[in-house]
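My notes are below, in the order I went.

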Amino acid sequence: MNLKKSNLSRRTFLKGATATSVSAGIVGATSSSLLLSGCSFETYDYVVVGAGPGGAPVAANLARAGYTVAIIEAGLDPKGTDVEQIDSTVTTIYNTPVFFTATAEHPLLSWDFYVNNYDNDEQARKNSKYVEGKGILYPRGACLGGSMSHNALIFVYPHDSDFNEISDITGDGSWDANKMREYFIRMENCTYCDVDATGHGFDGYISSSVVENITYDLFPDINDLSNAGAIIPSSFYVGNEILDINHPLVAEGDVGKFLTPMHVGNNKRVTVRDYLVETQEEYPDNLTIITNALATKVLTRKKAAIGIEYMVEGGFSYSANKLSIDAQKGVKKVIYASKEVILSGGAFNTPQLLKLSGIGPAEELATHGIEVICDLPGVGENLQDRYEVTIGVDLKEDLEIFSNCQAFQADDPCLTSYLSGEWETDGNGTASYHGPYASNVVLATRIAKSSESTGMPDLFLVGLPAAFSGYFPGFSQVSSPNRWTWLVLKAHNKNSAGTVKLRSASPLDTPIINFKYFEEGNDGSGSDLRAVVEGIKMVRESLSLPEANQHIDKEVIPGAQVYTQQDLEDFVRNEAWGHHASCTCKIGSDDDPMAVLDSRFRVRGVKKLRVVDASAFPKLPGFFPITSILMISEKASDVIIEDAKNHNRRYSEVI
Ligand SMILES: Cc1cc2nc3c(=O)[nH]c(=O)nc-3n(C[C@H](O)[C@H](O)[C@H](O)COP(=O)(O)OP(=O)(O)OC[C@H]3O[C@@H](n4cnc5c(N)ncnc54)[C@H](O)[C@@H]3O)c2cc1C
């Protein structure tokens, strides 16, 4: 969706920032004071870094359990009055599901990382999205809610085997898939399921909902394009009549066409931001939220974490911030944790912060002159992602679904329908429908298994009435009213060779991120690449069926000329991207030298320090990671509370 209003320049921001106060916002100010060497310091039981789906639930749950918690977040509150005063459209963009691409580029909600997919420069430059001197744009959420506040809202349960494997690797049976389902049930508020639906929750803080079914009746072209060649999953015949992708049987490996839920409630984006802020309001003495604060170091003593050093207004000093402000650089504060420090900065920032703190591969730390606290070679290794490409077709006629929308114009008919729930039909009156703004317009989903997979299904195919071909500066502004796109997402990849390495010892620099795609990675067999090509062929096959084909003018991405196996492999090699970076501080067994965490999220070799975010997985779970990250954050809450209760000696003795 083209959303020009989301263009916020650095100048606009600075003007807004002087008019309002975007200094480090601290909400909830209670902390105990610890007397150390005659000085007074702010001390909480727990200090959490990062308010994404990894950090926010654990922070909120610990506060609800009666502990004092401070959470340090580099970004701002997407629903806060300060951001609203700078750009009055932010909260609308955040709330309204269809504007998800605009959230991913909005300077008040996201950071721009630039990553490398290859070491080989010549190969890297073949990607049409490559930005000279930088690499490939990789957006990351930087606000309360983290990347969940700017993502595509897709809310899909992983495969059971993802958790059973962690149980097998670590010997910790609490990771068993049946037990992990309980964490999903705890955090979900399913608004589309029957009240007795198995495997779902109804009292949690994340609402899940699905696209209004009437969409397919109102727009026959979408119905045809979505359904051509679709197969009914086997779970349908044994109880999954609504084709729910989050049905427990699908987690066992079902394939076919499904309904894909969104983390949306009452037609608005729902994220952990809301759970965090509501917890703060209910437990003001327990939870302190510090925004626009960049954690720069984990403070340690005798190989135990004792607190966090952070930079006030540091979120706007980090070089991934589009609005980076030099003037604020350098003002640092410290905050102490009497029990534990929990890192949840995401797959790029958590390993960066560990390394900056002297916890990581000794050799790499030495090159940057960082004192080694703990030589942990696995930090920043094992980086994994999906491979994604799109097949785009131009239709003979513009898609009707968006034809009346005039985003951010007065009297926008689509906004009127969004708010009223009434949609004007072609001269036939009105239909009960909130229109396209109420969803992420993921109007078709299929799970498939490539011939390369020896385990779970590995292909996720998504149909969208939009033009999309990956991330590059300005991607959210691209609009093509007659474009239908199928996204091919390849999951359960063999490649795990990516790395996050320090660019410098400065916490303001982004790390150097390299995914080492295909031949540069550790899938020597070429299996990942061939599976993506199979996905493209599956999409082409369904588009060639009369039901879909009657609407199509021509394929524009990759285009009919890209046809042979070799051409298709080259297309994938050149154009593929990912957006689920994970696994850079993996949980592993005691005898795995590359394991960074144990099965209780504890950093090996450093006491009182845990990692709870997408970095923790040994393998990237399922097709989309949000559910899994929320589930591990719930699990971590239980584990940490259990450990706190069982701990015989006082944590503060270490200080
Ligand atoms: C464009 C896009 C679309 C996506 N769509 C989907 C989707 O539809 N469904 C899905 O399941 N997944 C999706 N994802 C992926 C998913 O959102 C992320 O994998 C997930 O949010 C990662 O959670 P996390 O807690 O590990 O890290 P994040 O969500 O990235 O949160 C980390 C937080 O820590 C903060 N932080 C980082 N470093 C510091 C520091 N030093 N000091 C203070 N704060 C810090 C950041 O500002 C951020 O708020 C998408 C991702 C992107 C980029």
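Where does leucine 243 lie? I found leucine 243 in the loop between α10 (220-227) and β9 (256-258). For the labels: helices (H or I, at least four residues) and strands (E, at least two) are DSSP runs, numbered from the N terminus.

Ground rules before going on. I am looking at a predicted model, where local features need pLDDT of at least 70 and side-chain atom pairs count only at pLDDT 80 or more, while totals for chains, interfaces and linings use all residues. Residues are numbered from 1 along each chain as its sequence is written, and side-chain values use heavy atoms, with hydrogens and water left out.

I checked phi of leucine 243 and got a value near 60°, which is positive in a residue other than glycine. Leucine 243 has a relative accessible area of 12%, so it counts as buried (under 20% relative accessible area; exposed is over 50%, partly exposed in between, with a 1.4 Å probe and protein chains only).

Valine 441 also came up: its phi is near 50°, a positive value in a residue other than glycine. I placed valine 441 in the loop between β20 (429-432) and β21 (444-448). Its relative accessibility is 5%, so I put valine 441 down as buried.

Next I looked at the peptide bond from isoleucine 557 to proline 558, and that one is cis, with omega near -5°. Proline 558 sits in the loop between β26 (552-557) and α17 (565-575).

**Strand β5**

I went through β5 (residues 110-115) and found six of its six residues buried, so the strand is largely enclosed by the rest of the structure. Ser110, Asp112 and Tyr114 point one way, Trp111, Phe113 and Val115 the other way. β5 pairs with β6 (residues 136-141) in the antiparallel sense over six bridges; a pair needs at least two bridges found by DSSP. Opposite serine 110 I found glycine 141 of β6.

**Helix pairs**

How do α2 and α11 pack? The axes of α2 (residues 55-64) and α11 (residues 272-282) are 9 Å apart, at an angle of about 20°. Axes here are lines fitted to C-alpha atoms, for helices over the stretch in contact, and angles run from 0 to 180 degrees between N-to-C directions. That makes α2 and α11 roughly parallel (under 35 degrees; over 145 is roughly antiparallel, 65 to 115 roughly perpendicular, the rest oblique). The residues I noted as meeting include Ala56, Pro57 and Arg64 in α2 and Tyr275, Leu276 and Glu282 in α11. This contact divides into eight nonpolar, two polar and three charged residues. Ala, Val, Leu, Ile, Met, Phe, Trp, Tyr, Cys and Pro count as nonpolar, Asp, Glu, Lys and Arg as charged, and the others, Gly among them, as polar.

For α8 (residues 177-187) and α18 (residues 626-646), the axes come within 9 Å and cross at roughly 100°, so I wrote these two helices down as roughly perpendicular. Among the residues that meet are Tyr183 and Phe184 in α8 and Leu630 and Met631 in α18. I counted seven nonpolar, one polar and five charged residues in the contact of α8 with α18.

**Serine 527**

Last stop: serine 527, in α15 (residues 527-544). At 4% relative accessibility, serine 527 is buried. Leaving aside neighbours within four places in sequence, I found serine 527 in contact (heavy atoms within 4.5 Å) with Glu452 and Lys494.
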